[in-house]
Amino acid sequence: MTSAPALRIALVSYEFPPAVAIGGIGTYAWEAARMLAAGGHQVAVFAAGDSRTLGQEPAQHFGVVVHRIAACDRQQFRHLLPAVFAKEHQCCPFDVVESPEVGAEAEAVCCQFPELPLVVKLHTSSHLLQRLGSDQAFWTQRLRVFLGGLRRGRLVWLPRAESSPEHRLERVFTTHADAVAAPSAAIASVVQRDWALDPQRTDVFPLPFRPNPALLALPLPDRLDTIGFLGRLETRKGIFDLARAVLPLLTRYPWLHLRLIGPSWPTERGDSFTWLRDCFHSVLAQVSFRGAIPAEGIGEELAACSVVVLPSRWESFGLVCAESMAAGRLVIGSSAGGMAEMIQDGVNGYLVPPRSPRLIRRLLERLIHDSAPIRPLAAAGRARILELLEPQRVLPLQLANYHRAIAQA
């Protein structure tokens, strides 16, 4: 229990498991709601989904109240939210509301109740998603459109995310918040630069993470025989860079395996499964496509891996990195973004710059020939995550952020 008076907190998140479990935003909302409720605070989650198909909400076992809104996308969710929210707020007012910047989900609520303190949680905004998720093919396409326009005597550009209505809404919503919470210094720096966000109104602290006991029970690896990847198989996660790095190694070492844990994703190259199967056609017997795995199955999947490579173009935080480190796997992560604030290079994992398949290949081959660093680095990685992301450590930082918003409102 906290010494300060308990807060009544509205946590707005289109994603909230199990009804809507897309990625890191939903995972964060689940962990944060549990952490805050365990700290003695009243937490109400407003999320998409249909409670009638769920029966009992699992979060209710932890004292969290969940209000589901039947919405097919974030835009509809944002439109339907105010009526549901108003009923609860007028019955028993909230002290603070938190919303992700993605989709500006609580924007209409804040217009309806301008006196209500607002915290915006940074994840990865729409303009960053487009910037990071576009491969070279996208820029080639932009150039073709521009040159085609010149031949017709016009200046034509494909629209950029920065000029889209969605991006403008997210920017205004975030810059007008009473306080902003950033899970890493990396995302704070990017948003402060791109949106002229006042650094004095931004608090930087990590996301809470409570590892599944199955992850902590996994024995540590001591040699490299299976390379793992965890996450969506999309451009911004670096999956094509990983393919270029690993293909020569699979060809050279027939006993080596690659395990791809995550769903296929549409990319500029088409469906990622199809592209990867074509890429690995000569060594397909050494590659396992595991697809989307429920949270309770992640431990079993990671148990089959010695090393997990996460070469993202950029990450605001990197929950898959935290999961892999907690599982006692040696992680080779991206130096761009939040993973670099969890991994200390050469101490509890390795960092490589994004778009660096040759560096990844050299590092993996070094570990193939000298496996001595694998076990101690994996052990150090697990210890690092348990200390850094412990909910009892994160809770006072998150509460201080809420109290900053309340004081500013």
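Predicted model: local features only at pLDDT ≥ 70, side-chain atom pairs only at ≥ 80, totals over all residues.
## Helix α9 against helix α13

Helix α9 covers residues 239-252, and helix α13 covers residues 357-369. Their axes come within 8 Å and cross at roughly 40 degrees. Angles under 35 degrees count as roughly parallel, and those from 65 to 115 as roughly perpendicular; α9 is therefore oblique to α13. The crossing of these two helices is right-handed.

On the α9 side, the contact involves D241, R244, A245, V246, P248, L249 and R252. These residues meet P357, I360, R361, L364 and E365 of α13. Sorted by class, the contact of α9 with α13 contains seven nonpolar and five charged residues, with no polar ones.

## Helix α9 against helix α10

Helix α10 is formed by residues 272-279. The axes of α9 and α10 come within 11 Å and cross at roughly 15 degrees. Because angles under 35 degrees count as roughly parallel, α9 is described as roughly parallel to α10. This crossing, too, is right-handed.

From α9, the residues I239, F240, A243 and L247 take part in the contact, and from α10 the residues W275, L276 and C279. The contact of α9 with α10 has seven nonpolar residues, and neither polar nor charged residues occur in it.

In soluble globular proteins, nonpolar side chains tend to be buried together. The largest nonpolar core in this model has 53 residues, of which F16, V45 and L302 touch the most other members. Helix α1, residues 24-38, supplies the largest share of this core, with eight residues.

The surroundings of L302 can be listed in detail. Apart from neighbours within four places in sequence, L302 is in contact with L215, L218, L230, I261 and V308, as well as with E323, S324, A327 and R329.

## Residue A292

A292 lies in the loop that runs between strand β12 (287-291) and helix α11 (298-303). Is this residue buried or exposed? The relative accessibility of A292 is 59%, so the residue counts as exposed, the cut-off for that class being over 50%.

When neighbours within four places in sequence are set aside, A292 is in contact with G262 and P263. A292 and P391 are 99 residues apart along the chain, and their C-alpha atoms are separated by 27 Å.

How values were computed: Residues numbered from 1 in each chain as written. Heavy atoms only, no water. Axes fitted to C-alpha atoms, helices over the stretch in contact; angles between N-to-C directions. Helix = DSSP H or I, 4+ residues; strand = E, 2+ residues; numbered from the N terminus. Parallel < 35°, antiparallel > 145°, perpendicular 65-115°, else oblique. Left-handed = near helix turned anticlockwise from the far one by under 90°. Contact = heavy atoms within 4.5 Å. Nonpolar A, V, L, I, M, F, W, Y, C, P; charged D, E, K, R; others polar. Core = buried A, V, L, I, M, F, W, Y, C linked by side-chain atoms within 4.5 Å. Buried < 20%, exposed > 50% of the residue type's maximum accessible area, 1.4 Å probe, protein only.
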